[in-house]
Amino acid sequence: MGASVSIRNQTPYTWHYELVGDGGGSGTLHGMGSVQRKLNSRRIHCYLKLRYDNHSSNSFSYEFNSHKQDGSQTFTIIETSGRSLIQLLCNTESNSPTCPNYGKQEEDRIRQQQEEMERRRQEEQRRRQQEEMERRRQEEQRRRQQEEMERRRQEEQRRQQQEERRRQEQLERERTIQQEIERESELSGKKVSKGREKLRQKLRLKGQQRHHQRTQVLHQMIEDDAAAIRRDEPGDLKNKFEDLLKKYEITEDKGMQEDKLENRMKNLQNELTFKYFGEPQLSIWCQLTIDRAISQGEQSLNEQFSILTAVTELTLTNDSDTDSKEDQLPDWDQKYDFLIRLLEQLYSTNPTVAQQLVLSILDVFTEVSEKNKGLLSQILFNMIWTPSEILLFLRGV
């Protein structure tokens with residue numbers, strides 16, 4: 001009589017079987033597959049050999065008695081509960097051998113490899129991300145550096161452009177002043193040429209008369225200078241200073257009455273200038289301008305008294321309408337207005353001192369070159385313009 005052998009694979013792995021007995025055979029069981037084989041005769045010693053997938057040696061070699069269970073045996077391949085082992089069960093035998101779960105090990109190995117590859121991939125990804133972040137940071141730093149360099153370059157360019165613009169404006173102001181002076185000189189030259197032509201025509205008729213007039217003017221100037229020298233005596237000048245105080249009812253500080261006459265005059269002049277403006281900054285500028293002009297012109301004490309007299313008359317006879325107009329003027333125009341009025345006042349009493357004063361004041365105007373100052377001096381010397389007209393011209397330019 002024969003026997004029937006069933007083999008059931010309840011694992012997801014492939015097993016190769018070999019049934020040793022009368023008529024046995026061999027084959028392959030895939031995951032969750034089963035097979036049934038017939039034995040031609042029953043024997044006490046039969047064998048079932050199982051080999052895992054691609055292994056070269058058997059994992060199980062199970063001996064069984066085909067007489068049992070009426071010649072019907074069933075073998076079952078299962079995984080243990082922890083899946084660490086493979087167990088072979090037989091319904092006719094009590095023996096249940098095990099072997100390592102090679103499939104699980106392979107799965108673990110593959111999973112570990114995958115995890116390792118994933119870990120490495122993630123590390124590589126993090127490394128690349130860090131490199132990318134570092135690259136972007138460096139690019140951002142370079143960009144900021146370039147922006148900073150560009151900003152500085154633009155600032156330097158703007159600064160140079162401003163300096164160049166100021167330089168051009170300065171040159172343009174100088175050219176304008178020089179052109180105005182040259183134009184006035186040219187007009188004056190034309191007027192002089194016309195005057196000379198007329199003089200030539202009238203020379204025979206008025207020669208003696210003009211000679212007599214010039215002689216009188218020269219004598220008058222000599223007499224004025226001699227009189228000024230005679231008057232430039234401390235005693236006489238002190239009396240005039242006292243008369244000036246009485247005339248305008250000026251009360252002098254008692255501490256100043258014992259001081260030098262020159263210091264008393266300068267102190268009074270400063271107080272009157274401050275009273276004219278009513279504001280320290282403008283008065284100080286005019287005081288320093290007049291003091292510098294006096295020191296450069298080396299005016300005598302009598303000439304300084306002429307300037308003081310002009311300042312006194314200008315300040316104490318200044319009407320309220322003029323004051324209200326001056327309050328509306330900018331600071332620079334107020335300074336000009338004071339000097340122009342002072343020169344007009346001084347020119348009416350002492351033209352020579354007024355001319356000397358305006359020539360010294362020219363040094364205040366840094367925009368006026370030495371060449372232009374020379375032209376203005378010639379215009380003043382030839383009496384083409386008065387001192388106040390020269391200052392009006394400079395203010396207009």
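Which residues does Gln36 touch, not counting residues up to four places away in sequence? In this predicted model, Gln36 touches Ser4, Val5 and Ser6. Gln36 itself belongs to strand β4, which covers residues 34-39. Along the sequence, Gln36 and Ser6 are 30 residues apart. In space, their C-alpha atoms are 4.2 Å apart. The side chain of Gln36 also takes part in a polar contact with the side chain of Ser4, at 2.6 Å.

The next region is a sheet. Strands of a sheet pair through backbone hydrogen bonds, either parallel or antiparallel. Here the pairing is antiparallel, and the sheet is open, with four strands in the order β3-β2-β5-β6. Strands β3 (25-29) and β6 (60-64) stand at the edges. Each has a single partner strand, so one side of each is left without a neighbour in the sheet. From one strand to the next, the twist averages 15°.

Strand β2 pairs with two strands of this sheet, β3 and β5. Five bridges link β2 and β3 in the antiparallel sense. Within this pairing, Glu18 stands opposite Ser26 in β3. The two strands form a hairpin, with four residues between them. Gly23 lies in the turn and has a positive phi of about 90°. On the β5 side, six bridges join β2 (residues 15-20) to β5 (residues 46-52). These two strands also run antiparallel. Leu19 has Leu48 as its bridge partner in β5. Val20 stands opposite Tyr47, again in β5.

His16 is another residue of β2. Its side chain reaches the backbone oxygen of Asp53 at 2.8 Å. Leaving aside residues up to four places away in sequence, His16 touches Gly27, Thr28, Lys49, Leu50, Arg51 and Asp53. Gly27 and Thr28 fall within β3 (25-29). Lys49, Leu50 and Arg51 fall within β5 (residues 46-52).

The helices come next. Two packed helices are described by the angle between their axes and the distance between the axes. Helix α4 spans residues 261-277, and helix α6 spans residues 301-316. Their axes come within 9 Å and cross at roughly 25°. Angles under 35 degrees count as roughly parallel, and α4 and α6 are therefore roughly parallel to each other. The crossing of α4 past α6 is left-handed. On the α4 side, the contact is made by Leu261, Glu262, Met265, Leu268, Gln269, Leu272, Thr273, Lys275 and Tyr276. On the α6 side, the residues are Leu301, Gln304, Phe305, Ile307, Leu308, Val311, Thr312, Leu314, Thr315 and Leu316. By type, the residues of this contact divide into 12 nonpolar, five polar and two charged.

Helix α6 also packs with helix α2, residues 234-247. The angle is about 5°, and the axes are 11 Å apart. Helices α2 and α6 are therefore roughly parallel to each other. From α2, the contact involves Leu237, Lys240, Phe241 and Leu244. These meet Leu301, Asn302, Phe305, Leu308, Thr309 and Thr312 in α6. The residues of this contact divide into six nonpolar, three polar and one charged.

Technical notes. Residues numbered from 1 in each chain as written. Predicted model: local features only at pLDDT ≥ 70, side-chain atom pairs only at ≥ 80, totals over all residues. Heavy atoms only, no water. Axes fitted to C-alpha atoms, helices over the stretch in contact; angles between N-to-C directions. Parallel < 35°, antiparallel > 145°, perpendicular 65-115°, else oblique. Left-handed = near helix turned anticlockwise from the far one by under 90°. Contact = heavy atoms within 4.5 Å. Nonpolar A, V, L, I, M, F, W, Y, C, P; charged D, E, K, R; others polar. Pairing = 2+ DSSP bridges. Polar contact = N/O pair within 3.5 Å; in protein donor to acceptor, adjacent residues only side chain to side chain.
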